[in-house]
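Open the model in your viewer and keep the selection tool at hand. This tour goes from stop to stop, saying what to select and what is there.

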Amino acid sequence: MSEPAADAETFLAATDTIAALRPELSLLEAGILAGLHLGLAADSRSFARIFGVEHALVLRAVESLTAETLITVTARDGRTQRTRYELSPAGSAVLMALAA
């Protein structure tokens with residue numbers, strides 16, 4: 001049996017913790033990292049749909065996180081712009097603090 005999806009309170013707490021650890025990140029960027037950490041979304045379209053955010057805003061945040069070397073883009077659909085991503089080693093290090 002798999003673990004249940006994280007609830008809103010868990011997601012918000014993780015987002016706040018990431019934002020506190022990396023104050024240069026926007027709340028959307030911290031939320032993308034939290035969603036990835038909690039297994040809620042690993043691509044831009046899913047994140048946008050689940051959290052009711054415009055896909056274009058999520059794409060900008062993904063590009064920013066990539067520039068910060070916190071995530072690595074693994075695939076991009078040219079037609080829909082769906083961007084799949086995963087944690088980079090630097091991103092994993094930031095999220096290790098959530099487990100502590």
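Which residues have the most contacts inside the largest nonpolar core? Select Ile18, Ile32, Leu33, Phe47, Leu65, Ile71 and Tyr85: they are the ones, in a core of 23 residues. A nonpolar core here is a set of buried Ala, Val, Leu, Ile, Met, Phe, Trp, Tyr and Cys residues joined through side-chain atoms within 4.5 Å. Buried means under 20% relative accessible area, exposed over 50%, and partly exposed in between, with a 1.4 Å probe and protein chains only.

Before moving on, note that this is a predicted model: local features need pLDDT of at least 70, side-chain atom pairs count only at pLDDT 80 or more, and totals for chains, interfaces and linings use all residues. Residues are numbered from 1 along each chain as its sequence is written, and side-chain values use heavy atoms, with hydrogens and water left out.

Now colour by helix. Helices are DSSP runs (H or I, at least four residues), numbered from the N terminus. The elements that give two or more residues to the core are α1, α2, α3, α4 (55-67) and α5. Helix α2 gives the largest share, five residues.

Click on Ile32, one of the core residues with the most contacts. Contact means heavy atoms within 4.5 Å. Leaving aside neighbours within four places in sequence, Ile32 touches Phe47, Val58, Ala61, Val62, Leu65 and Tyr85.

**Helix α1**

Select residues 8-21. This is helix α1, with 14 residues. At 1.5 Å a residue, α1 should span 20 Å, and its end C-alpha atoms are 20 Å apart, which agrees. The expected span is 1.5 Å times one less than the number of residues.

Show the side chains of Phe11, Ala14, Thr15, Ile18 and Ala19: these residues of α1 are buried. They cover an arc of only 135° around the axis, so they sit on the same side of α1. The arc is that of the directions from the helix axis to the C-beta atoms. Turn to the other side of α1 and find Glu9 and Ala20, both exposed. What covers the buried residues? The cover includes α2 (27-37), α3 (44-51) and α5 (89-99).

**The aromatic rings**

How many aromatic pairs are there? The count is two. Rings of Phe, Tyr and Trp (its six-membered ring) pair if their centres lie within 6.5 Å; planes under 30 degrees apart count as stacked, over 60 as edge-to-face and the rest as tilted.

Select Phe11 and Phe51. This pair is stacked, with 4.4 Å centre to centre and 20° between the planes. The pair links distant parts of the chain: Phe11 is in α1, Phe51 in α3, 40 residues apart. Phe11 counts as buried because its relative accessibility is 10%. Phe51, at 28%, counts as partly exposed.

Phe47 is buried, at 2% relative accessibility. Phe11, Phe47 and Phe51 form one aromatic cluster.

**Two last stops**

Stay in α3 and pick Ser44. Is Ser44 buried or exposed? It is buried, at 0% relative accessibility. Leaving aside neighbours within four places in sequence, Ser44 is in contact with His55, Val58, Leu59, Gln81, Arg82, Thr83 and Tyr85.

Finish at Gly39, in the loop between α2 and α3. Gly39 is exposed, with a relative accessible area of 63%.
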